[in-house]
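This note sets out, point by point, what may be read from the structure shown below.

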Amino acid sequence: MTLAQSARRKSPAEGPRRALGALALVVVLATTAAHAAGDLAVGTTSGLPVPRFVSLKPDRVTVRGGPTRDHEIAFVFTRSGLPVEITAESDNWRRIRDWEGAEGWVYHSLLSGRRTALVATKLQDELVPLYSKADAESGLVARLQPGVLATVKHCGGSWCHIFGSGFDGWIAQERLWGVYANEKID
């Protein structure tokens with residue numbers, strides 16, 4: 001289990017969430033296509049694009065089943081900086097989705113616009129190369145495990161400059177969860 005995976009405490013509703021994983025993948029693919037085409041909706045409260053990636057601000061973030069404090073607690077994140085995707089807005093609440101497809105509502109002040117991402121792999125034990133430049137022919141800086149958390153400095157549409165504890169370099173944009181395909185970040 002990676003550090004990112006252990007950052008979300010499981011709840012009794014874990015089984016149904018896994019069943020929604022395939023549906024979440026379809027939604028993410030559709031969202032990626034919308035980002036690439038520039039067809040984005042805007043949040044009714046914030047005026048910012050929906051969906052969009054943000055990160056968790058504090059070390060403990062309670063995720064609820066609906067957009068009020070009266071709704072049940074679905075699960076709790078226990079690590080700041082994790083990327084989440086805002087999928088809807090309701091007043092001061094944001095519906096978010098995590099890297100595993102789990103969804104729920106959090107209060108807006110618990111989210112940050114700071115861009116972070118998790119290293120994503122196709123195979124569980126695969127290591128992802130980090131390069132000195134945005135070029136697979138440049139020098140290899142490191143090989144990152146799946147679930148490694150990084151801060152995003154810049155993305156040009158196919159490569160992202162990231163850094164974290166003990167690493168700084170360029171990674172293929174498709175190897176990150178927390179940025180959209182072809183998204184540009186300055």
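**Notes on the predicted model**

1. Trp105 has its place in strand β8, residues 103-107; helices (H or I, at least four residues) and strands (E, at least two) are DSSP runs, numbered from the N terminus. The model is a predicted one, in which local features need pLDDT of at least 70 and side-chain atom pairs count only at pLDDT 80 or more, while totals for chains, interfaces and linings use all residues. Residues are numbered from 1 along each chain as its sequence is written, and side-chain values use heavy atoms, with hydrogens and water left out.

2. Is Trp105 buried or exposed? With a relative accessible area of 12%, Trp105 is buried; the term means under 20% relative accessible area, exposed means over 50%, and partly exposed lies in between (1.4 Å probe, protein chains only). Trp93 is twelve residues from Trp105 in sequence, and the two are 6.3 Å apart in space, C-alpha to C-alpha. Leaving aside neighbours within four places in sequence, Trp105 is in contact with several residues, including Thr62, Gly66, Ala88 and Trp93; contact means heavy atoms within 4.5 Å.

3. As to the protein in general, there are three helices and 17 strands. Buried residues make up 45% of its 186 residues. Of the contacts with a separation of 6 or more, 56% are between residues 24 or more positions apart. The protein exposes about 9,700 Å², of which carbon and sulfur atoms supply 53%; such areas come from the Shrake-Rupley method with a 1.4 Å probe, and for residues only the protein chains shown count as cover.

4. The largest nonpolar core has 20 residues, and Leu56, Phe77, Leu82, Val84, Ile96 and Leu111 touch the most other members. Strands β3 (52-56), β4 (61-64), β5 (73-77) and β6 (83-90) each supply at least two residues of this core. Apart from it lies another core, of 15 residues, among them Val128, Cys155, Cys160 and Leu176. A nonpolar core is a set of buried Ala, Val, Leu, Ile, Met, Phe, Trp, Tyr and Cys residues joined through side-chain atoms within 4.5 Å.

5. Strand β5 is mostly covered, four of its five residues being buried. It runs antiparallel to β4, and four bridges join the two; strands pair if DSSP finds at least two bridges between them. Thr62 stands opposite Val76 in β5.

6. Ser55 is found in strand β3 and is buried, with a relative accessible area of 0%. A polar atom of the Ser55 side chain lies 2.8 Å from the backbone oxygen of Arg114. Thr116, in strand β10 (residues 116-119), counts as buried at 2% relative accessibility. A polar atom of the Thr116 side chain lies 2.6 Å from the backbone oxygen of Gly81. Not counting residues up to four places away in sequence, Thr116 touches Ser55, Gly81 and Leu82, among others.

7. Which residues does the disulfide join? Cys155 is joined to Cys160, S to S 2.0 Å, and a search of the whole structure finds one disulfide, defined as a pair of cysteine sulfur atoms within 2.5 Å. The torsion about the S-S bond of Cys155 and Cys160 is about 110°, so the disulfide is right-handed. Both Cys155 and Cys160 are buried.

Notes. Polar contact = N/O pair within 3.5 Å; in protein donor to acceptor, adjacent residues only side chain to side chain.
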